[in-house]
Amino acid sequence: MRDALIEDANPALREDAEGILCTAIEGDISDDTARAIAAACRRLSDSGRQVLVLSDARGMGTISASARKVMAEELRNVRFDAIALFGASFAVRVVSTLAAKTVQLLTRQSYPVEFFETEGEARAWLLAQRDTLRARRRSGA
């Protein structure tokens, strides 16, 4: 189910037909961008749907300390299921990993965060994660 509010809030965020939240951030992640990403994730989490994030990191710059703090605070009550980033530079991989670990510590939840070279690889992995989660929920595990 597509959430028009996500796309209306920020054109760099959209939910695709598979229910995956897609992000494509160009340049540095500002506090406002961090808030928009967090709000989109929170809407999905609050709806009870899976929170699967596919991030196009090819044009992503840095995540400032204040934006990391905003994300950590805003994502405190969000349940994530899986995050896949593709095209990330080494620096973006390091900062993204640190940001994800911070959110995981604050939320006391663990979820996979993986990096891929291509969107196709990242999307295939996310869909496999989704199918595994659905199978677990059906079996009551």
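Q: In which helix does Val-94 have its place?
A: Val-94 lies in helix H4, residues 90–107; helices (H or I, at least four residues) are DSSP runs numbered from the N terminus. This is a predicted model, in which local features need pLDDT of at least 70, side-chain atom pairs count only at pLDDT 80 or more, and totals for chains, interfaces and linings use all residues. Residues are numbered from 1 along each chain as its sequence is written, and side-chain values use heavy atoms, with hydrogens and water left out.

Q: How is the place of Ser-139 described?
A: Ser-139 is in helix H5, residues 119–139. Its relative accessible area is 57%, so Ser-139 is exposed. Between Ser-139 and Asp-81 there are 58 residues in sequence and 17 Å in space, C-alpha to C-alpha.

Q: How do helices H2 and H3 pack?
A: Two packed helices are described by the angle between their axes and the distance between the axes. Axes are lines fitted to C-alpha atoms, for helices over the stretch in contact, with angles from 0 to 180 degrees between N-to-C directions. Helix H2 (residues 31–46) and helix H3 (residues 65–74) pack at about 20°, their axes 8 Å apart. H2 is therefore roughly parallel to H3, a term for angles under 35 degrees.

Q: At what angle do the axes of H3 and H4 cross?
A: The H3 and H4 axes cross at roughly 30° and come within 9 Å. H3 and H4 are therefore roughly parallel to each other.

How values were computed. Helix = DSSP H or I, 4+ residues; strand = E, 2+ residues; numbered from the N terminus. Parallel < 35°, antiparallel > 145°, perpendicular 65-115°, else oblique. Buried < 20%, exposed > 50% of the residue type's maximum accessible area, 1.4 Å probe, protein only.
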